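Reader: Please take one part of this model and go through it closely, with the cut-offs behind each term stated as you use it. I would like to see its surroundings before the description widens to the whole chain.

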Amino acid sequence: MNLRFAIVSGSLATTASISVEKGRFNHLAFIYDRRPEERRALIYSGSDLLSFSARTVFPSLETAGVDFMIGSGSTFRIGESSETFIPTTTFSGSINELRYFSRPRTIEEIREYSQRNIFATDDLTLYFRFNE
């Protein structure tokens, strides 16, 4: 199954994608690293970098009032490019939890907290536990 991580803001977009084996647990971390030397979408499994996008500078990334889609199966345009994302399959699986941080997590933090519960921190913006 192919997974695609896209960051879209107005006419700009950046994407990274990976293939995962169906029927197997996958701990994945999707990161947009805003640091000037990075500015790219990254996909990690544990501490292994699986995929990364080209560098893309977004003047701003506003999240208020915009869709946040996970496995929706929706067709959508990627920025103002001619590329339209048309899913060939919808997400078939379960998401144990979703953690959204306001800064990129380090490899050490990803590794340390991949199998542990996490509690409120200043940079933990959104946290959903779906397994309860």
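Author: Once neighbours within four places in sequence are set aside, Y32 is in contact (heavy atoms within 4.5 Å) with F5, I7, T14, R39, R40, A41, T56, F58 and L61. Before going further, note that this is a predicted model, in which local features need pLDDT of at least 70 and side-chain atom pairs count only at pLDDT 80 or more, while totals for chains, interfaces and linings use all residues. Residues are numbered from 1 along each chain as its sequence is written, and side-chain values use heavy atoms, with hydrogens and water left out.

Y32 belongs to the largest nonpolar core, whose ten residues are L3, F5, I7, A16, I18, V20, Y32, A41, I43 and F58. A nonpolar core here is a set of buried Ala, Val, Leu, Ile, Met, Phe, Trp, Tyr and Cys residues joined through side-chain atoms within 4.5 Å, where buried means under 20% relative accessible area, exposed means over 50% and partly exposed lies in between, with a 1.4 Å probe and protein chains only. At least two residues of this core come from each of β1 (2-9), β2 (12-19) and β4, and β1 gives the most, with three residues. Another core lies apart from it and has five residues, among them A29, I31, Y44 and I110. The strands are DSSP runs of E with at least two residues, the helices are runs of H or I with at least four, and both are numbered from the N terminus.

Among the contacts of Y32 is F58, which sits in the loop between β5 (48-52) and β6 (76-77). F58 has a relative accessible area of 9% and is therefore buried. Not counting residues up to four places away in sequence, F58 touches I7, S9, L12, A13, T14 and Y32.

R39 has a positive phi of about 50° although it is not a glycine, and its relative accessibility of 24% makes it partly exposed. P36 is placed in the loop between β3 and β4 as well, and it is exposed, at a relative accessible area of 62%. The C-alpha atoms of P36 and V57 are separated by 8.4 Å, with the two residues 21 apart along the chain.

Turning to the other core, I31 and I110 are among its residues, and both are touched by R105, which also touches Y113, I118 and D123 when residues up to four places away in sequence are not counted. R105 is found in the loop between β8 (97-101) and α1 (107-113), and it is buried, with a relative accessible area of 15%. Beyond the helix, Q115 lies in the loop between α1 and β9 (124-129); it is exposed, at 62% relative accessible area, and touches F25 and H27, again leaving out residues up to four places away. The C-alpha atoms of Q115 and P59, 56 residues apart along the chain, are separated by 34 Å.

For the chain as a whole, the secondary structure comes to one helix and nine strands, in the order β-β-β-β-β-β-β-β-α-β along the sequence. Its radius of gyration (over C-alpha atoms) is 15 Å, close to the 14 Å that the globule rule (2.2 Å times the number of residues to the power 0.38) gives for 132 residues, so the chain is as compact as a globular protein of that length. The C-alpha trace spans about 40 × 35 × 30 Å along its principal axes. Of the 132 residues, 23% count as buried, and residues 24 or more positions apart account for 49% of the contacts with a separation of 6 or more.
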